[in-house]
Amino acid sequence: MIRYILIGLLLCGQAISFAQIIYYDASNFPLLGKATENNGVRYERFPDSLEHISRPPLWYLSRNSAGMAIRFHSNSTHIAVRWENLFNNHMNHMTDTGVKGLDLYCWEGNRKWRFINSARPNGKTNQATIIANMQPEEREYMLYLPLYDGLVSLSIGIDSLATIDQPLIDYPIRQKPVVFYGTSILQGGCASRPGMAHTNIISRRLNRECINLGFSGNALLDLEVAKVIAEVDASVFVLDFVPNASVEQMKERMETFYHIIRSKHPDTPIIFIEDPIFTHTFYDERIAKEVQRKNDTLKEIFNRLKKINEKNIILISSKNMLGEDGEATIDGIHFTDLGMMRYADLVCPIIKKAIK
């Protein structure tokens with residue numbers, strides 16, 4: 001009797017599946033979000049040559065896969081993943097899914113990327129089914145990688161009878177990416193999941209590859225980072241270092257950092273962004289004065305560049321970055337998903353205009 005019931009359900013097209021999941025190494029598919037290919041490890045952001053040049057904290061953070069994404073095409077009814085994190089990091093103010101999980105998006109016919117689901121980590125080694133019970137249709141996928149951890153390995157699982165191939169469409173557009181340099185916020189702190197880091201939001205809105213060179217607590221205008229940035233044939237460079245760099249560091253290094261990039265890209269727009277008006281600055285007078293002093297220094301150096309006739313430089317005020325309700329951060333500093341969306345709302349139109 002049970003056998004006849006099962007046969008009847010299958011004949012009626014019910015969602016009963018005994019398909020085996022077969023895993024494919026993600027290294028077979030395009031990886032978006034890298035500034036350089038001059039490294040032996042795929043999911044790292046710095047060239048190998050900087051290992052003994054960069055400050056140890058900066059090198060450590062460069063091994064995080066922030067802003068990277070795998071692109072592929074499949075007709076599978078299931079999408080699963082297996083991955084091993086590099087460090088198995090954990091933080092008390094950011095979800096593990098944001099720190100070391102994965103996010104899957106699908107390209108919709110109405111020309112936008114739509115979130116499907118996340119792969120939530122349980123530790124260093126993980127396996128998860130992101131989505132199941134789909135119709136076996138051809139789809140374009142983008143899989144975002146961890147923001148605050150790296151990857152030792154990553155595999156994508158599909159039905160044994162399905163196919164997985166190279167993407168059929170070149171989206172996000174990879175020619176002339178947007179390069180971002182900045183702090184813990186830019187790296188993705190504290191988005192609830194990888195797709196909600198503001199560089200990833202902006203990438204989807206522009207449908208253009210974005211490169212995330214955010215380094216938590218370490219956007220100190222290290223000149224070797226400027227040299228990495230300068231090697232990218234970008235459409236726009238976005239420099240958002242003020243939350244980390246001190247006034248003294250800005251006075252000492254900002255113009256040199258800028259000129260390293262400008263010397264190789266004489267006409268490419270370069271955007272500077274002010275320090276956010278953090279929510280706790282309305283109460284902490286010392287921090288409020290520090291933010292004001294930093295922003296004043298940024299404006300002073302920016303205006304000096306303008307006076308020597310530097311072209312295609314833009315300064316974005318942070319006045320309206322986080323809204324007026326004080327609800328856009330997790331700890332007074334690092335952005336929630338709401339803060340990430342508001343940042344993107346402010347910055348994305350300016351980048352779009354600069355590209356045009």
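Analyst: Let us begin with confidence. This is a predicted model, and over residues 1-17 pLDDT stays under 50. For residues 1-17 the model has six contacts beyond four places in sequence.

User: What does the chain average in pLDDT?

Analyst: The average is 94, and 95% of the residues score at least 70.

User: Where does UniProt place the domain feature?

Analyst: The unreviewed UniProt entry puts "domain: SGNH hydrolase-type esterase N-terminal" at residues 22-164. In the model, this span is 40% strand and 8% helix, and its end C-alpha atoms are 10 Å apart.

User: Is Asn64 buried or exposed?

Analyst: Burial is read from relative accessible area, with buried meaning under 20%. Asn64 has a value of 1%, so this residue is buried. Asn64 sits in the loop between α2 (56-62) and β3 (69-74).

User: Which residues is Asn64 in contact with, leaving aside neighbours within four places in sequence?

Analyst: The contacts of Asn64 include Tyr43, Arg45, Phe87 and Asn89. Also among them are Leu147, Tyr148, Asp149, Gly150 and Gln187.

User: Why does Ile229 count as buried?

Analyst: Ile229 counts as buried because its relative accessibility is 0%. This residue belongs to helix α6 (residues 223-230). Beyond four places in sequence, Ile229 contacts Val179, Tyr181, Leu213, Phe237, Phe257 and Ile261.

User: How many residues apart in sequence are Ile229 and Ile211?

Analyst: Ile229 and Ile211 are 18 residues apart in sequence, and their C-alpha atoms are 9.5 Å apart in space.

Methods. Residues numbered from 1 in each chain as written. Predicted model: local features only at pLDDT ≥ 70, side-chain atom pairs only at ≥ 80, totals over all residues. Heavy atoms only, no water. UniProt positions renumbered as here; feature names shortened; annotations may be inferred. Helix = DSSP H or I, 4+ residues; strand = E, 2+ residues; numbered from the N terminus. Buried < 20%, exposed > 50% of the residue type's maximum accessible area, 1.4 Å probe, protein only. Contact = heavy atoms within 4.5 Å. pLDDT = per-residue confidence, 0-100.
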